[in-house]
Amino acid sequence: MNYAKLLAAGALSVLAAACSQPDTAAGAGSEQADTPRVVNVYSARHYRSDAAIYAAFTEQTGIEVNLIEASGDQLIERVRADGPRSPADVIITVDAARLHRAEEAGLFAQSDFAEFTPEIADNLIDPDGYWIAIAKRARVLAYSNQRVQPDEVTTYEDLADPRWEGRICVRESGNAYNQSLLASMVARLGEEEAEAWAAGIVANMARPPQGGDITQIIGVAAGDCDIAITNHYYYLLMQNSGEAANRAAAEAVTLFFPNQETSGAHVNISGAGIAVNAPHPEEARELIAFFLSDEAQRMFAEMTNEIPVVEGVEWENERLDAVMPFVADTRNVSELGDHNATAQRIFDRVGWQ
Amino acid sequence: MTPAARQGGRLPDRATALAILAALVCAAPVFAVAWIAVTGETGDYLAHLARTRLPVYLVNSALVAAIAAGGAGLIGTVLGWLVARTEFPGRALFSWVLILPLAVPAYVAAYAWLDLSQAGGPLHAATAGLFPTVRGAWGAGLMFALVLYPYVYLLARDTFTGQSADAYNAARTLGAGPFSAFARTSLPMARPALAAGLALVIMESLADYGTVSYLGAPTLSIGLVRAWSGAGSLVDAARLSLILVAVALIVFGLERAQRSRARSHAASGRHRPAPRFHLSRTQGLAAALACLIPLALGLIVPLARLGWLALNEQPAPNLLPASWHSLTLAAISAVLAAGLGLSTAYALRGRTFIATASARAAGLGYAVPGAVAAVGVIAILSGTQALIDPAWQSVTGEVFPVLLTGAAAALIFAYLSRFAAAAIGPSEAALARVTPALDGAARTLGATRGETVRRVHWPLIAAGITSAGLLVFVEVLKELPATMILRPFNYDTLAIIAHNYASDERLGEAALPSLLIPLVALLPMIFVARYLSRARSSSGQV
Amino acid sequence: MTDTHTRRGLSIRGAQRRYVKETAALAGADLDLEPGRITALLGPSGSGKSTLLRAIAGLERLDGGEIRLGDTVWAGPGRHLAPERRRVGMVFQDYALFPHLDALANVAFGLKGPDARTIAMAQLEAAELGHKAKAFPHELSGGEQQRVALARALAPAPAIVLLDEPFSGLDRRLRQELRERTVDTLRRAGATALMVTHDADEAMAVADALALMDQGRVIQTGAPEHVWTHPHSVTAARLLGDIEVIEAFIKAGAAGTPLGPVATPDFKNGCTVYVLVRPQAIRLTPSADGAFTVTRRRSAGTHLAFTIANAEGQSFTTHTPVPSTLAVGDRVDVELDEAFVTVVGA
């Protein structure tokens, strides 16, 4: 009967699949000359353009990249659960808090990252040497050209002012970038003032949070609100979008880096570290070194509109040029992780959905 | 006392024991989550939550679930009845096409609809702002109703097809008009199947994260993710997910308690296949329209919008291997799940406590949000690894070669654990139609147990079991969190690619993988539809 | 109890019903149901009995013809009264009890108003099932289910009661018992009833009036004994029991058969006719030079069935009341009792 055969086929396939794992935990054997070199990457980045970066790495070094992409928390869970048998060599996150968590969970090995490149700001490296930033993103403001005067917009703190009532669009509080932004406010201003700020933002929201950052920018362009909080690269993406409506929305909106006179714009990082039980630590170091090379840094700037962490890198990206340079927050990004839990509680208390 | 009840005191035989074991294995990840919840360190985050957001989460969860269940129940029941009992233009095609919206991940529909209806979106502009923005609890509930109604539809259709027409006709002769007769006979008799479908709808909408997060409906699953991701406490997330599990248990417990001694199928076991009502021309067109509307809203509009956006973007690379991965994972899981559902349904017939308990426990995996369920799976696998490694080492002196979490089999395990409910419920409903009298007849005629299953039961329950397999197939195609974390290296599925783009708000690039998911789902649907119509005609059913 | 003022008869004229792929299920059926009488509708499978029943109930539409209760047209050209508007009670072949309701709720289903449960309970008591009021259909035996189904159909005091093979699927003793009960119940209710069956004995035992149906038409109606002894056609005759059909040629006012001549006053000389002979018509007397020999002897309880054959090899079945001393091999003379013989045209 068909079903019996199907079942048998199914069982066989399962067996086959189960037994066919790529050689990820080659262990001591990986150094042999006839075995291709590999590096196992657990990445929370989900940009398809990263494939080009890995390809360039493989071309340069001959090291094959085995990749798993998942959310930062999930990756942390998996590496933790696998323990000493974990095949992870490099762990990459898209925000500082996850990096901090991975460090707290003891997933990283200590490395001397400073020797990879001197041209990187101190606040972008873990003071204890567990991780290093590979790309930056700024969380800034986008305001309506029509309804907002340029001199109206100054700082993050100012957004809590009642004169912005009903004029702010921002996404849900669960988003990692909002959490880091609030964490940075906690670090700078203390919990009480940060909570007051968050409450002010909630009072000034034009509509309950919905959608992502691009949704907020579109909301500003459409008149639902006058100013939005967004990561810088979404704006640049919309300027270059194949979709005419997105381009038009970007036209109607100006990107603004706040706190230029005070603490600097809030910056988050995509960072990487070497796993403490890495089966291929040498290859892991090479990959991270590659991320920090001019070539990769340039690709970050040109493909995902991220901001390179290495100074002096040249890139070809007009739109990114248009918003650079800017004054960035110089506090060490590890503080963003320290205060994330506090930020979450503040969000809960003020009812930022 | 019915023969089935008389069996209640016996110890389960081998086959039943295997089925119970399988069910328990599927339930293991939920137990793992419960273990984490119970044994983790106590913090004060939950107390803090209770003071702040917990009421909002609970209210929104209830709202979303109610709207989803109401919408899906209405659409699924009405369309299921129309397709099963009437004749109208296009009925044969609609019969299986109506299942397709299930293959649209709810968050894809949400992204598309928000994009269309937001301020600045085309619908908003075209209607001068009159078209409401799809958002909040209402928006999320609506999205779930539109993409999850096939659960109810499938079960309603199968049950209405099998219902004897005579009960409805008897009601007519006793003075009930068409609607009244339907409401007082056909509907109550379909209740177990409808309840099974609604249970799936409610659980999936409660466990969802992507849709409610994007549309801004703060449900319990959002609170759960915030506890983990924001407050950094996986233990509290596990505790919150236990609330969801408790809700699932209560809902099902209530439903079952209400059912009492009443049955849903005729006592005599004989049934006359119901001849279809031929609807008049206008009625027929109205019926076809009724079928078209949910399809349009849940399937055609979102995918068309994405397709439109895709015109301006590059097609995503690597879709072919991803499609293959999606297809094979889904097919294997579907077959295994159908087997699991069938064997569990049989085990349930014996009405032993342990069989019932294991089956319910296995079904709970569905109520837990995928990300947390994946953690449960990881915990089980790593726990098993921790047991095997030293044992293997001491016996063979070598390291155990397989890393359990890295094998594709781990994914299958995760899927079965999560989607057991989608297989067991429909199988149970299908098997309920096989009366003990049929068993007795077959056995006295010399058929062994296996033969009885094959020759007597199977033709009657084929539709239900195949539906169960189909449901799991589609679920696995759409599945995201477990797939993301448990997949082997360099292994993408369509759902993952679609999600990666969509969550980055690159809807145009998300279009093609999103479109491919229902397309891939079409394959088994056509196969199943053909197989079932052959089975039905050969067994003499209309 | 059926109200006296609704004791109107049902009349069916020229009922036609055609299905898409098949030949006509009803090809012009005529039937009258007298008020307060039980009519049995007898016919082979596929004769259209169930279709006619469902048409009366309103569960099928007619393609032609008319059904009327007294002066009220239930079905006719351009008119189809919905089932719930006709006052019909129906007992289905598999009883169609609502599995999700208990016996009392089943019986009360068609009743409205505050007294519904009381009336229903009374019906159940009358059927001696009061103690099973809370039982669900799957908890009742086959016979109990049938009685509940009948009680349910009668509870709303319908004008017409329709029964579709209501005793099939039960064992013989139960059938008989149930049959008697059902007839009793119907008579007490003064119901006008139409019962469909394919069992001739059952039809004759139950009916005040018998209607025979074949190929979508009612081919004969009348009192059971009369229809049995005087069938109008070969088909009608076969429907009601064993019959010997002899083709014969009329000469000199009589049809010649191997069993003897049969007077045929209604037919012209030179016609070909069928002589329909019930086995009971053939009287056997032992005779040393009888034309027939007994070739078989079977006991049927109430009678003996002898098969007789003549020299030409023609054989016939006969029924002889017990006791009889005839044995296989005996030679017999044959005489026809014309009370059990009918002649019909070819």
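Here are a few friendly notes on this predicted model, covering the two domains of chain A, the contact of chain B with chain A and one helix of chain C.

1. **Reading the model.** Residues are numbered from 1 along each chain as its sequence is written, and chains are lettered from A and ligands numbered from 1 in the order in which they are written. Since this is a predicted model, local features need pLDDT of at least 70 and side-chain atom pairs count only at pLDDT 80 or more, while totals for chains, interfaces and linings use all residues.

2. **Two domains in chain A.** Domain 1 of chain A takes in 3-18 + 36-136 + 267-323, and domain 2 of chain A takes in 137-265 + 333-350; such bounds come from an automatic or database domain assignment. Taken over C-alpha atoms, the centres of domain 1 and domain 2 of chain A are 28 Å apart.

3. **Where these domains touch.** The contact takes 22 residues from domain 1 of chain A and 23 residues from domain 2 of chain A (two residues are in contact if their C-beta atoms, placed from the backbone, lie within 7 Å). On the domain 1 side, α4(A) gives the most, with five residues. By class, that side has 11 nonpolar, five polar and six charged residues (Ala, Val, Leu, Ile, Met, Phe, Trp, Tyr, Cys and Pro count as nonpolar, Asp, Glu, Lys and Arg as charged, and the others, Gly among them, as polar).

4. **Chain B against chain A.** Here 56 residues of chain B and 53 residues of chain A take part in the contact. On the side of chain B that touches chain A, α18(B) gives the most, with seven residues. That side of chain B has 29 nonpolar, 20 polar and seven charged residues.

5. **A helix in chain C.** After α5(C) comes Gly190(C), with a positive phi near 65°.

6. **Its two sides.** Thr182(C), Leu186(C) and Ala189(C) are the buried residues of α5(C) (buried means 20 or more other C-beta atoms within 10 Å of its own, exposed 12 or fewer, partly exposed in between, with C-beta atoms placed from the backbone). They cover an arc of only 65° around the axis, so they sit on the same side of α5(C) (the arc is that of the directions from the helix axis to the C-beta atoms). On the other side of α5(C), Arg173(C), Glu180(C), Asp184(C) and Arg188(C) are exposed.

Definitions and conventions: Helices (H or I, at least four residues) and strands (E, at least two) are DSSP runs, numbered from the N terminus. The expected span of a helix is 1.5 Å times one less than its number of residues.
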